[in-house]
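Subject: Structure for you to look at

Hello,

Here is the structure you were going to look through. My notes follow below it.

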Amino acid sequence: MGLPNASEDLSSEMEVDAFRRLFPLRYFERHLAESIRPDARPLSRARDTTISMGAVASADGSALAKIGSTTMLAAIKMEVMTPSLESPDEGCVSIDFHMPPICSPLVRPGRPAEAAPVVAKQLSDTISRHELSLVGGKAAWMVYLDIYCLDADGALFDAALLSAVAAFSNLQIPTVSLDDGKIVMLPEEQKEENSEKEPVNKEKRKLTLGGIPFSLTCILHKNYILADPTSEEESIMETLVTVVLDSSNQLVSLYKPGGAVLAYTSAVQDCIALTRQRVKELHQILEEAISGMEID
Amino acid sequence: MAAKPSTTTTAKATYSPIDPTRKTRPPIFSGSDVDWLRPDSRGFHQCRPAFFRTGAVNSASGSAYAEFGNTKVIVSVFGPRESKKAMMYSNIGRLNCNVSHTTFATPIRGQGSDHKDFSSMLHKALEGAIILETFPKTTVDVFALVLESGGSIRFLVKQVDELDTLWFAVGDLPVVISCASVALADAGIMMYDLVASVSVSCLGKNLLIDPVLEEESYQDGSLMIACMPSRYEVTQLTVTGEWSTPHFNEAMQLCLDASAKLGKIMRSCLKEAASDEQE
């Protein structure tokens with residue numbers, strides 16, 4: 001296996017936990033040689049994923065996504081803004097990704113996590129602008145999407161993107177009308193009656209995402225490709241590749257932010273193939289979460 | 001790109017669409033009007049249903065999630081771990097607390113984030129209960145995140161603008177304190193007892209236990225107790241506003257009774273988690 005004999009011998013004498021702490025890389029490589037990972041997953045298997053919709057009552061749309069123990073809470077609030085002169089018919093999406101100190105021992109209050117701006121940038125590149133106009137040139141929607149990482153255990157971008165798209169599919173845009181040049185919310189009881197105030201957005205109660213983006217992060221290490229890494233794996237083997245595909249399998253984006261391992265084309269293709277499988281899984285999980293909401 | 005507002009407008013340039021016809025509740029009920037219902041139709045001396053669960057955050061040494069009605073809080077405990085380099089030598093342990101709010105915790109985006117005093121209040125409420133001698137030279141970090149603030153949302157959208165005084169209210173602090181002590185127990189930090197915290201609002205002649213934000217906005221006085229129920233010791237007592245002595249005594253007794261009951265709920269949550277682990 002190409003491992004020095006010294007550590008072989010040590011490993012038979014030492015307790016497993018001690019070996020894991022002292023020689024993390026050897027520990028992982030010995031697992032990888034057997035095509036298995038310490039948490040008993042095959043190399044290409046992602047962790048169990050769940051989505052629950054409508055987790056935040058005070059938001060217009062929200063979702064909680066869990067990949068393994070990585071947990072993301074996304075909430076959308078809609079506010080009204082005056083569109084700019086250059087684009088009078090366009091609204092705006094503002095995406096904030098937060099890593100509060102509760103999520104990981106590495107984050108301290110007052111010092112924002114290093115990973116947070118990176119994930120926020122990737123998210124804003126992935127989620128594009130939508131038709132958000134209310135009254136041409138006068139009013140448009142400003143969409144505030146806030147994503148909170150509640151538990152950081154690897155593959156942060158994947159979980160954040162999943163919670164974001166789930167929150168968008170949970171979004172109920174409030175019915176509003178125009179009153180003295182200001183947009184006001186229509187009270188519940190007036191919705192059915194033919195009141196003097198005409199709702200401005202009768203039809204557009206949902207945001208339609210063109211193709212829903214899904215992502216998978218993989219670790220490249222030697223010749224191995226590990227899908228959906230935990231934070232322990234991310235800290236030991238540092239070369240990450242994130243592939244984003246939309247629901248019709250078109251490539252949205254691909255990140256390989258440096259790292260010690262240089263990827264061959266074949267490795268990148270393997271990553272994309274893995275992502276394609278994962279998109280199918282995620283799409284089904286999202287559909288189930290949405291249909292689960294409708295039954296209630 | 002899409003993340004940044006395309007105009008040069010600041011955050012203030014956007015506003016929430018508010019229903020103008022929404023009525024605000026008439027201020028305080030007068031005299032002996034005891035039929036007044038609380039916004040969540042509880043009795044005056046009835047707390048919100050409390051729910052605790054440990055192990056909410058895997059990467060922390062200990063953590064807990066608490067849900068009291070609409071109030072949802074997560075607390076993570078890290079450590080005991082190395083103190084910051086700049087800290088002086090100390091032969092007892094240090095406690096470091098931080099409370100933050102999500103931007104969607106309050107009905108208007110981003111308003112709940114400026115509770116700077118919550119962190120020090122949490123610190124003072126817990127300090128007396130923790131046996132700091134058991135982890136000399138190190139720090140235990142207690143971080144809380146308020147996911148959602150309690151209160152009747154539809155009402156608050158309008159009121160928050162007008163009532164600056166609302167933010168002097170204790171709000172979610174009792175929930176944060178109780179949840180933090182469960183998280184500390186989950187992390188195996190030695191304590192004399194769990195800290196249970198309850199607040200009471202005084203509205204005219206009536207005492208309302210465990211008030212939601214809406215009620216706090218009308219209150220004449222507020223009282224918050226953090227105590228160790230099985231030792232019958234108070235770690236923190238905050239009283240603000242107008243109180244008469246008999247009222248105060250009654251409120252105090254009410255709080256102590258409620259925290260004894262809350263303590264039982266917290267204990268049973270920890271016991272449940274421990275028995276699950278054994279199986």
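A:Gly259 touches A:Glu238, A:Thr239 and A:Leu240, leaving aside residues up to four places away in sequence; a contact here means that the C-beta atoms, placed from the backbone, lie within 7 Å. A:Gly259 is in the loop between S12 and helix H7 (265-295) of chain A. Helices (H or I, at least four residues) and strands (E, at least two) are DSSP runs, numbered from the N terminus. The C-alpha atoms of A:Gly259 and A:Glu238 are separated by 6.0 Å, with the two residues 21 residues apart along the chain. A:Gly259 counts as partly exposed because 15 other C-beta atoms lie within 10 Å. The scale is this: 20 or more other C-beta atoms within 10 Å of a residue's own make it buried, 12 or fewer make it exposed, and in between it is partly exposed, with C-beta atoms placed from the backbone.

Before going on, note that this is a predicted model, in which local features need pLDDT of at least 70, side-chain atom pairs count only at pLDDT 80 or more, and totals for chains, interfaces and linings use all residues. Residues are numbered from 1 along each chain as its sequence is written, while chains are lettered from A and ligands numbered from 1 in the order in which they are written.

Next, a sheet in chain A. Its four strands form an open sheet in the order S10-S9-S11-S12, with antiparallel pairing; two strands pair if DSSP finds at least two bridges between them. Strand S10 (224-227) and strand S12 (251-255) of chain A are the edge strands, each pairing on one side only. From one strand to the next the twist averages 25°. Axes are lines fitted to C-alpha atoms, for helices over the stretch in contact, and angles run from 0 to 180 degrees between N-to-C directions. Helix H5 (residues 156-170) of chain A packs on the sheet and touches S9 and strand S11 (239-246) of chain A; the direction of H5 makes about 175° with that of S9(A).

Strand S9 (residues 213-221) of chain A pairs with S10(A) in the antiparallel sense over four bridges. In this pair, A:Leu220 stands opposite A:Ile225 in S10(A). The loop between S9 and S10 of chain A holds A:Lys222, whose phi is near 50°, a positive value in a residue other than glycine. A:Lys222 is exposed, as 9 other C-beta atoms lie within 10 Å.

A:Ala155 also has phi near 50°, a positive value in a residue other than glycine. Is A:Ala155 buried or exposed? A:Ala155 is buried, because 28 other C-beta atoms lie within 10 Å. Its place is in the loop between strand S6 (139-151) and H5 of chain A.

In chain B, B:Gly55 is in the loop between strand S1 (50-54) and strand S2 (62-68). B:Gly55 is partly exposed, with 16 other C-beta atoms within 10 Å, and touches B:Ser63, B:Asp186 and B:Ala273, not counting residues up to four places away in sequence. Strand S3 (residues 71-82) of chain B contains B:Pro80, and the peptide bond from B:Gly79 to B:Pro80 is cis, with omega near 0°.

Regards

Notes
Contact = placed C-beta atoms within 7 Å.
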